[in-house]
There are 2 protein chains.
Amino acid sequence: MTDRVSQLFGITHPIIAGGMVWCSGWRLAAAVSQAGGLGLLGAGSMSPEVLREQIAKCRAATTKPFGVNVPLMKPDAPAIMEVVAQERVPVVFTSAGSPKKWTAWLHDRNIKVAHVVASSVFARKCEAAGVDAVVAEGFEAGGHNGREETTTLCLIPAVRRATTLPLIAAGGVATGEAMLAVEALGAEGVQIGTRFALTVESSAHDAFKQRCLNLDEGDTKLLLRKLSPTRLVRGGFFDAIEQAEDAGATGEQLLEIIGNGKSRMGIFEGDLDNGELEIGQVASLLKGLPVQTVDQVFAEILGEYHKAKQRITDNGASLSV
Amino acid sequence: MTDRVSQLFGITHPIIAGGMVWCSGWRLAAAVSQAGGLGLLGAGSMSPEVLREQIAKCRAATTKPFGVNVPLMKPDAPAIMEVVAQERVPVVFTSAGSPKKWTAWLHDRNIKVAHVVASSVFARKCEAAGVDAVVAEGFEAGGHNGREETTTLCLIPAVRRATTLPLIAAGGVATGEAMLAVEALGAEGVQIGTRFALTVESSAHDAFKQRCLNLDEGDTKLLLRKLSPTRLVRGGFFDAIEQAEDAGATGEQLLEIIGNGKSRMGIFEGDLDNGELEIGQVASLLKGLPVQTVDQVFAEILGEYHKAKQRITDNGASLSV
């Protein structure tokens, strides 16, 4: 027996690597798929031409299924979708837009569709749109985030009630214990961002990885609520935005501070002072870890999951409930 | 075999009812203790004289152990502690202050001490101060909240690593599934606020209970970061603060808007437009429930916990990990 998420994507473990800007190139996606999960290329930071190259390299590195994450608010989303279809990528994860927009088009081309939501309202829209699986991502997640600020602990049970679709939990999941925890809440798989963004195979700059592996609790915060709520890491860019927001800056004023190309500068080029640094809140739980390979991450998470399950089911040690 | 939290407090189930302002009077505390959990009186909204009366009434209603929650920033905390000691209350939960301040004094009087934290830094301080148990409360919780904004999913594993003390999870826990989830993360018990605040036995106004049982996702938010971060329910009071903050209001300006007695007005007197309404984010998961008795809540949570555990351990249905 395999779970519904593994069945749907034809993978061994229901562990998906989030398709993250400037992190999720072919090396990360291929390594995750090779390890038995589902690797996603992050088209959010790729032109259609770059995506086509990345798909080719990923396919050369693994015969296992992989996918592409497409943020639907991206101006060139239609061209990105054409590349995905032409290259016969088997899976697309869509986010930041309506699940109605591309699902039928992708299904017509035999592509499986998962959509990322931050609320049960959008989960219901996913079911109505006919997507194959829903990713419910909580407030803990790095980067762009839902307006409701619903945490994974509160979101997963709400989405579980709202839909019968295969449910993948995201936000705050970096360990096997957390994987078991979201399973207890009704999830059938996990999408992991932060942990994979900080692996050897991630295309992020080493300075970014080192910084994110040395965060304390409270070193990421959700800012930019007047534009699109975004979880950022403390640093020069963060401070400039936080100070402006504390002083009542408008959305237009914030856009001026943000400027262009700041996430590339921070994550890909490693300019920690001036660049935009996006990582999940759970990074502080990884403090002091070395930059691990994807295989090491899989081995740890699977081991932790089994150990935690054993602990839970060992009646001698369980709670008096 | 019983778990460490149940052993420590001499209770049947490791379920503690948070000591909440204007909700946690003797009726709620006694009902929770009678049901096999640990009821707490919320001294945050009581004078020493009122607390003495409440202790007497609680003791008349149950022979089971119960406790008192004391927010240490309360100006009359010393007088509150004197009442607790004179009345021989067996357990005190301290919060909003240093665990060093009262732990030895309470231990000298044979009173067990748990301290509420929102970070692993403070959890370590608890262990150093010799407290008997630590409550780790995440961003989801209603009312006053930590500055780090760490969610329960990220906080519990961090605190679990920081201390060997019995660990009680709080924030976002209103169901048996969530209880199992935090156990997977390393918690040995739960402190539940929201669910008990909205029971028949809670001393909150019925209008407050009805409002909180009809919230959608996103209807509570953490505000007042420039003073003491506080999770509030949308309404007139919330709107006034949110608008002022969006415009860059200072802490002093926010204090003027808040005024005095607003939580009593909102929670106890049921003035939903002008009063301060505090509830946890998980309230939206309870939408549409009737106002239940404490016994009904216990029966549901215990049933859900066992059902979720059965689902997790049923190999036919489990994840391919």
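1. A word on terms before we start: helices here are DSSP runs of H or I with at least four residues, numbered from the N terminus. Please also keep in mind that this is a predicted model.

2. Is H2(A) itself mostly covered or mostly open? Helix H2, residues 26–34 of chain A, is mostly covered, with seven of its nine residues buried. Those buried residues are A:Trp26, A:Leu28, A:Ala29, A:Ala30, A:Ala31, A:Val32 and A:Ser33. Their cover includes strands S1 (15–17), S2 (39–42) and S3 (66–71) of chain A, along with helices H3 (48–61), H9 and H14 (294–313) of that chain.

3. Chain A is assigned a domain 1 (4–204 + 283–306) and a domain 2 (215–281), and their centres, taken over C-alpha atoms, are 23 Å apart. Domain 1 of chain A puts 23 residues into the contact and domain 2 of chain A puts in 18. On the domain 1 side, strand S7 (143–144) and helix H9 (194–197) of chain A each supply at least two residues. That side comprises eight nonpolar, eleven polar and four charged residues.

4. Finally, the chain pairing: 53 residues of chain B are in contact with 53 residues of chain A. On the chain B side, the elements giving two or more residues are helices H7 (152–162), H8 (176–184) and H14 (294–313) of chain B. By class, the chain B side has 21 nonpolar, 20 polar and twelve charged residues.

How values were computed: Residues are numbered from 1 along each chain as its sequence is written. Chains are lettered from A and ligands numbered from 1 in the order in which they are written. This is a predicted model: local features need pLDDT of at least 70, side-chain atom pairs count only at pLDDT 80 or more; totals for chains, interfaces and linings use all residues. Two residues are in contact if their C-beta atoms, placed from the backbone, lie within 7 Å. Ala, Val, Leu, Ile, Met, Phe, Trp, Tyr, Cys and Pro count as nonpolar, Asp, Glu, Lys and Arg as charged, and the others, Gly among them, as polar. Domain bounds come from an automatic or database domain assignment. A residue is buried if 20 or more other C-beta atoms lie within 10 Å of its own, exposed if 12 or fewer, and partly exposed in between; C-beta atoms are placed from the backbone.
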